[in-house]
Amino acid sequence: MEDQVITKHKAIISNNEAYAIIRAILCLYSVNKTEEFKNSANEKTMGPVLKKAFGLSDEQYNEISEKILEYSTEEITISELQLRYAWKDNHPIYKSKAFKDPDGHTKWQKKEFQDIKKLLKDPSLLDLNTKLQLNEKNNNNNNNNNNNNENNLKPSIQDVFNITLKKHTVEKSNGGKDNIHIGYKILVNAFLQYSSQEVYREDRQHPIKSSLLKSNDLFNLGLLPEFTWILNEYSILYGIRDFYRYLVIFDVLTTRFDDNLNQLNLLSNCFKKLQSIRKVIQNNETINSDGNGINLNNQNDFITEDENDLFNKISSNLFNNLLIRIGNYRICFTPNQVEKLPQRQSQHYQRLIKSIPLTFALNLMKYIVDELFSDLIDFQSVLKKAIIEANEKEYNRSMEHLEALYNGQLNSNYQQIFLLSKVINDIIDKWFDWEIYYFDLSFSEFLKSNDKNNQNNQNNNNNQNNNNNNNNHNNHNNQNNNNNNNNNNNNNNNNNNNNNNNNNNNNNNNNNNNNNNNNNQKIHLEIIFETFSNFINKSVLNIYKRYSNEEHTVRNSKSGKLEAAPWITCLFSELIPSLVKYNEIVFGLFKKKPIPLEGEISFLTGQFILNRISILNTNIKHLIKHQEWKPNGKGVFHSSCPIDFFEFLTQCYSSIQSLEIKLSIPSNPMTRSFGTNLGDTFLFFVKGIRAVILDDLPIDQQKIISNVIDNAISNQATPKQLFQTLVENVRLPKLSSYNITERMCLQINDIEQSRGLLLDFDDKYNNIFRNSLNELFTTLKDHWNYLLTYYVYKMNCYIKPIIQSISLSLNDNSTSNSTKELSNFIELNLSLSNKKLQANLFPVLLKRLFQSI
């Protein structure tokens, strides 16, 4: 970065920049150096640094430097101080009319004289000291007759300029502007930019390098010691007061604003320092008006109207910068690594964390308002508005981001519904935890309602009640002196009344305070939820308007069956659960549900159930397609297929049940409807397994066998009849193997295992299938029964030719070989089936096989 500073030179140097550089170099020739800076604060060392800081070419720098070197160190120092003396009432910024305090100019003059006397250590300047003292005396006498003599004793500004480099300091074309103070600000900016490895620019606004913000030195921040020395010496030689130096840093930090904690801390300290100086000055002005004299011990006993206006302007800009950050607080003040929230599963999940940077920013904003703009700005109203705007922007920003993210990927039929559900999920998953557990403590502190007036009124009422009670007590005593018993009774009654009244008033106060505290704690969260709820309700209303006349079901172009339209599927699977969850969170905080879920939603639940079943069927298809058909554990006869199937089934049921509960629909119509519509789903599951069993056959053969089995089930044919139909109507091609495999055993076992899981599921969910359970149970049994018949038929295709060969053979060797082949085939298949089929299935297979033989 430094190479960039070296090679990129400024094309044009402004007058103010040139004079700032000249005065910085003059400082390097000052005699006011400590041992620490004698070797480093000189032009040989700092000249190249200044050149780089301002991006000067060698030619530009040499032109300035050569003129300065014409003068000796003594002449430079004397000339600088003579200039300060010569200003009098001609100083561009410190003219008498510039001071708010009528005595401000006098105070400034006297302080200037005191500083110059301390700095002029050369004995040869005694004559000048005499002139200064005489001039001071003449000013105190306020003798107009001596004005001519005074003017003769002091050198004119022109005289000073003729013998010093200060002819370079104030150009006549400058219009009387104070380029000494401007030059100081230019040096501060240039030094900060050089320290940040930036190319010098007068109007640079992006944030300052963080390493420069760790210092507590409000004059110089984290600058190089040599830069610090130049700025301090500049301030001494040219009379730059502390107030202006703070003001420059305050301006730089505000112009190059960032919301990091170090910069906020520096801004806060700077503002407080400046404001404390202003208060001291105001106090001194009050003392002066009372005739108690002027305190000149502090060089900050005066500021000008321009400085005061600039301070107010910078403070206003800072407040606006902070307000912009509050308007984007969820981006600008996200939890850092130290402050990040605990994991949701942890025991500390709900511990509250206060955002330190956000709290710091709010404190600074409130301090600025309280000190400067309390008559103009209602801080609570401004803060509430900023929070609302921040969350409105966040909502719109999230919607725009999702629209761009899913651009072209979503069906226009349901895009509006889907995007709203995603925004709500963002609100729930990304923002609520931050609001409740991180931002709320910070905001609540500044949104507390002002109950002081109410409390004062309560106290006044309590005091009046107590006084009345006490007066009654005294009156009773005076009126009943002749009757002690009556006195005692009346006194006791009145005392009791007083106590009761006091207790009631105290209880009322406590209740009011508790209510106020509870309200205060929830103001921020109420703003957040109301803002989001308004947006959500508006979006939900637009969805209802758009889709109220849309078809709820569509016909599948392939199967011809009616299915839930994509938008209704998306409504119930995506949007409604999100709205329900949102309502739950709000209800937990405020005991109200901001999003109404009535109207058309109940009418559309039937289509939602169909959609759940459709999704379940899709999962089943995917499950069977990717099944590896391996035992689901040691000693287990089935694969993971039925387990996964019922896991999907449970998930679908749970989602419907949850929605049913959250929508407060009585008598469980949705889950009951789901159960009665699952017949086709089980059939889909069984047929999926059957398709895998038949996948070693040509497609036309698969269709023929499937139709034969379906017709047998439909006609309630016996396994024997099915076998006969297969033998008569199906001709299997030559296969590589006719054996029963472990995979085939697992597939048939999976169907039987599903029957057991079906019973468990129905029992667990309160007989969800009701009268349809037996039918489902029978359907599953029929399918494994008929598939076992197909296994026997397949084996028969291999066995039958062998048996025919044995019965027709006249050759003993041939008969023996065929018999042996038959025996081996049967033994192999029965042995495997006995080991791999479930206990109740093997006898059935054995019976079917011997019947066929």
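Q: Why is Lys836 called partly exposed?
A: The relative accessible area of Lys836 is 29%, and since buried means under 20%, exposed over 50% and partly exposed in between (1.4 Å probe, protein chains only), Lys836 is therefore partly exposed. This is a predicted model, in which local features need pLDDT of at least 70 and side-chain atom pairs count only at pLDDT 80 or more, while totals for chains, interfaces and linings use all residues. Residues are numbered from 1 along each chain as its sequence is written, and side-chain values use heavy atoms, with hydrogens and water left out.

Q: What makes Glu742 and Lys836 a salt bridge?
A: A salt bridge is a side-chain nitrogen of Lys or Arg within 4 Å of a carboxyl oxygen of Asp or Glu, and for Glu742 and Lys836 the N to O distance is 3.6 Å. The pair links distant parts of the chain, Glu742 in helix H29 (residues 742-764) and Lys836 in helix H31 (residues 812-836), 94 residues apart; helices are DSSP runs (H or I, at least four residues), numbered from the N terminus.

Q: What makes Arg325 and Asp258 a salt bridge?
A: The closest N and O atoms of Arg325 and Asp258 are 3.9 Å apart, and they form a salt bridge. Arg325 lies in helix H14 (residues 305-326) and Asp258 in the loop between H12 and helix H13 (261-289), so the pair ties together parts that are 67 residues apart in sequence.

Q: Why is H12 called largely enclosed by the rest of the structure?
A: Of the 14 residues of H12, 13 are buried, so H12 is largely enclosed by the rest of the structure.

Key
Helices (H or I, at least four residues) and strands (E, at least two) are DSSP runs, numbered from the N terminus.
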